[in-house]
Amino acid sequence: MKIIKLLNNNVVIAKDRRKGEVVVMGTGIGFQAKAGDHVRHDKIQKVFVLNENTKLGELISQIPASYLELTEKIVDYSKNNYEMILSENIYLSLTDHIYFALKRIKEETDIDNPFLIEVKEFYKDEFKIGCYAKKLIHEMYSVDIPDEEIGYIALHLIENTHNQGKRYVSKTLDVVDATITFIKEDYLTSIDENSLAYTRLVNHVKHFAKRYIEDSENDVDDQLLSKTITEVFIKEYECVERLSEHLKKTFGREIKNPEKNYLILHLRNCKDLK
């Protein structure tokens, strides 16, 4: 693999005999190198095949390579500290977003984020990674991004963790917000939101919301378990029944019985560990 073009000390474009033109990333991979040199294999951290990703090639031709390097740092931090599995598309979408976000900030163009409250409350890990990105952006470009942009970085992580589009993520957030808001107003009126039980509830609801909008909830109903739960945890059962009716009015479908049972148990757990 030979270097065709140096983008910076950590990113080069090279020619691979089998793959054709590639973007190669790695700390110091371009340091003191020049076109025609062989790429040092011990420095390679990431390789993108430009023939397979023409949009990335266009992006690199228009945006400084340091933005791609920034995205790589954010992705590495996500993987190493939160064990996230992100799709390759993150390198294109997040790099592009950050570049134009900083451009907007420099031009003093404000942007709203309608999902900010939900992201901060229900996707705390992704928001923490966004805060880490804010620190990197300040170090690299001397620009402070607002919470709205931290939220958008978190949304890119959410989208690319589950490899879903913005519409899917938006609907998932709507279901999560509707579910948690209803539970807090109807039943858990004085819950400690920093408690382990509440964290478990929110995590469960996030997974439930995905199954709910995909209509892929568990259909196997253990009648004996359902009977026991509904007879023992009466208040929790009544809350979930009202929640099911609320979701039907809002999104057009009730919650299936097996999902109701799990929600009932999580609600009870929140009360027991209050």
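Modeller: Two strands pair if DSSP finds at least two bridges between them; strands (E, at least two residues) and helices (H or I, at least four) are DSSP runs, numbered from the N terminus. This is a predicted model, in which local features need pLDDT of at least 70 and side-chain atom pairs count only at pLDDT 80 or more, while totals for chains, interfaces and linings use all residues. Residues are numbered from 1 along each chain as its sequence is written, and side-chain values use heavy atoms, with hydrogens and water left out.

E3 (residues 20-25) is joined to strand E2 (residues 11-16) by six bridges, and the two run antiparallel. A hairpin of three residues connects E2 to E3. Along this pairing, Ala 14 is opposite Val 22 of E3, and Lys 15 has Glu 21 of E3 as its bridge partner. E3 is also joined to E4, by four bridges, and these strands likewise run antiparallel; here Val 23 stands opposite Phe 48 of E4.

Lys 210 lies in helix H8, and it counts as buried because its relative accessibility is 12%. H8 (196-214) is also among the elements that cover the buried residues of helix H11, together with helix H7 (166-186), helix H9 (223-232) and helix H10 (234-251). Those buried residues of H11 include Pro 258, Leu 263, Ile 264, Leu 267 and Cys 270, and also Glu 259 and Lys 260.

Helix H5 (residues 124-141) has 18 residues and reaches 25 Å from its first C-alpha to its last, close to the expected 26 Å (1.5 Å times one less than the number of residues). Its buried residues are Glu 126, Phe 127, Ile 129, Gly 130, Ala 133, Leu 136, Ile 137 and Tyr 141. They lie on the same side of H5, because they cover an arc of only 160° around the axis (taken from the directions from the helix axis to the C-beta atoms). They pack against helix H2 (65-82), H3, helix H4 (116-122) and helix H6 (147-161). After H5 comes Ser 142, with a positive phi near 55°.

Helix H3 (residues 90-106) contains Ser 93, which is buried because its relative accessible area is 17%. Leaving aside residues up to four places away in sequence, Ser 93 touches His 156 and Asn 160 (heavy atoms within 4.5 Å). The side chains of Ser 93 and Asn 160 make a polar contact at 3.5 Å (a pair of N or O atoms within 3.5 Å; within protein, one must be able to donate a hydrogen and the other to accept it, and residues adjacent in sequence count only if both atoms are side-chain atoms).

Note on methods. Buried means under 20% relative accessible area, exposed over 50%, partly exposed in between (1.4 Å probe, protein chains only).
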